[in-house]
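Reader: I would like to learn how to read salt bridges and strand pairing in a model of this kind. Could you take me through them step by step, with the general idea before each case?

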Amino acid sequence: MQTIEDDFIEDLLMTTTHHEILFFTNKGRVYKLKGYQIPESSRTARGTAIINLLELMPNEKITAIIPIKKSKDNKYLFMATKNGIVKKTKLLEYANIRKSGIIAIDLRENDELIEVKITNSKKEVFLVTKKGYCIRFYESDIRSTGRSAIGVIGMNLDTDDEVIGMQIDSQGKDLLIVSEYGLGKRTDIEEFNTQRRGGKGVKCYRINERTGQVIGVKAVNEDDEIMIITTNGTVIRLMVSDISRFGRITSGVRLMNINLDNNNRVASIAKVRENKKQKSDDDILKELEEELSDDENLDSNNIPEETL
């Protein structure tokens, strides 16, 4: 796929023309497209601007994309907002979505939807804040509510703090945390004890003048790769295995050299799909077909988090 200047591929979704794709936005709305409604293009084409496919509102941007084969009663959508609110709703609640979209979560003033995961109500959830705190709790602690409900407090935040990421325990064995000045580390998720939702959590990153605030978090494994993107458009790609593992209350090591004099900062991080260059095209196609047909294991896939 070709991209325009300063653009990059953030998500690679495996789907078919008959799958439904849910698009969640920062405004708490959800839109739906059938796979066949997205124009098919050649391998090197740039694709179609999302604004030409969805009736997005002003200042509305996509924060999560969920492909689904069919809505089932034992599947849930788990959502988190930047103010620490979480909500769990049955996937069946989103079976009928208008072209203009519907409300996915009723947001309070100055709040935004930041992450959505598809689950089976048996996962463990991690919320991480920009001030370097993390809470781990059981998804089952959150009761299922209706589509337009507000949700409940998942994490109790300080006045100037906000949640910058949500991850699920099945997505990786380590939490990779990156700060705005280019430092980062990975920490074993077992260092974070499970507690009840609504607490302040524990310190997961030591912030000082060298690090700046936490900008991104991903659950990763040894064979994953990550991309770090800066505000001036610079992108670097790193193997997770090359990033040192540190304890919970540490700052990590420098992952990227950033010229702070130019007001350059880390803007975001993305997890990259594992390298499959050693596999034949037939093997890759077979794997994709198996993943698409195995709807029962959809909740354990990291599709929305994987990138290329």
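This is a predicted model: local features need pLDDT of at least 70, side-chain atom pairs count only at pLDDT 80 or more; totals for chains, interfaces and linings use all residues.

Author: Aspartate 174 belongs to strand β12 (residues 174-179), whereas arginine 245 sits in the loop between β17 (235-239) and β18 (253-254), so the pair ties together parts that are 71 residues apart in sequence.

Reader: What is the relative accessibility of aspartate 174, and what is that of arginine 245?

Author: General idea: side chains of opposite charge can pair when their charged atoms come close. In this case aspartate 174 counts as buried because its relative accessibility is 3%, under the 20% cut-off, while arginine 245, at 44%, counts as partly exposed.

Reader: Which residues are linked with Asp174 and Arg245 in a network of salt bridges?

Author: The network links Asp174, Arg186, Glu222 and Arg245. For the chain, the count of salt bridges comes to 11.

Reader: Where in the chain do lysine 34 and glutamate 20 lie?

Author: The side chains of these two residues, lysine 34 and glutamate 20, meet in a salt bridge with an N to O distance of 3.5 Å. The pair links distant parts of the chain, since lysine 34 is in strand β2 (residues 29-34) and glutamate 20 in strand β1 (residues 20-25), 14 residues apart. Lysine 34 is partly exposed, with a relative accessible area of 28%, but glutamate 20, at 15%, counts as buried.

Reader: Are lysine 117 and glutamate 115 buried or exposed?

Author: Lysine 117 and glutamate 115 are both buried, and their side chains meet in a salt bridge at 3.5 Å, N to O.

Reader: Turning to the strands, what order does the open sheet of four strands have?

Author: The order is β7-β4-β5-β10, with antiparallel pairing. β7 (113-119) and β10 stand at the edges with a single partner strand each, so one side of each is left without a neighbour in the sheet. Strand β5 (residues 85-90) pairs with β10 in the antiparallel sense over two bridges, and isoleucine 85 has isoleucine 153 in β10 as its bridge partner.

Reader: Which residues is aspartate 141 in contact with, leaving aside its neighbours within four places in sequence?

Author: Aspartate 141, found in the loop between β9 (133-138) and β10 (152-153), is in contact with Gln195, Arg196 and Arg197 once those neighbours are set aside. At 31% relative accessibility, aspartate 141 counts as partly exposed.

Terms used:
Residues are numbered from 1 along each chain as its sequence is written. Side-chain values use heavy atoms; hydrogens and water are left out. Buried means under 20% relative accessible area, exposed over 50%, partly exposed in between (1.4 Å probe, protein chains only). Contact means heavy atoms within 4.5 Å. Two strands pair if DSSP finds at least two bridges between them. A salt bridge is a side-chain nitrogen of Lys or Arg within 4 Å of a carboxyl oxygen of Asp or Glu.
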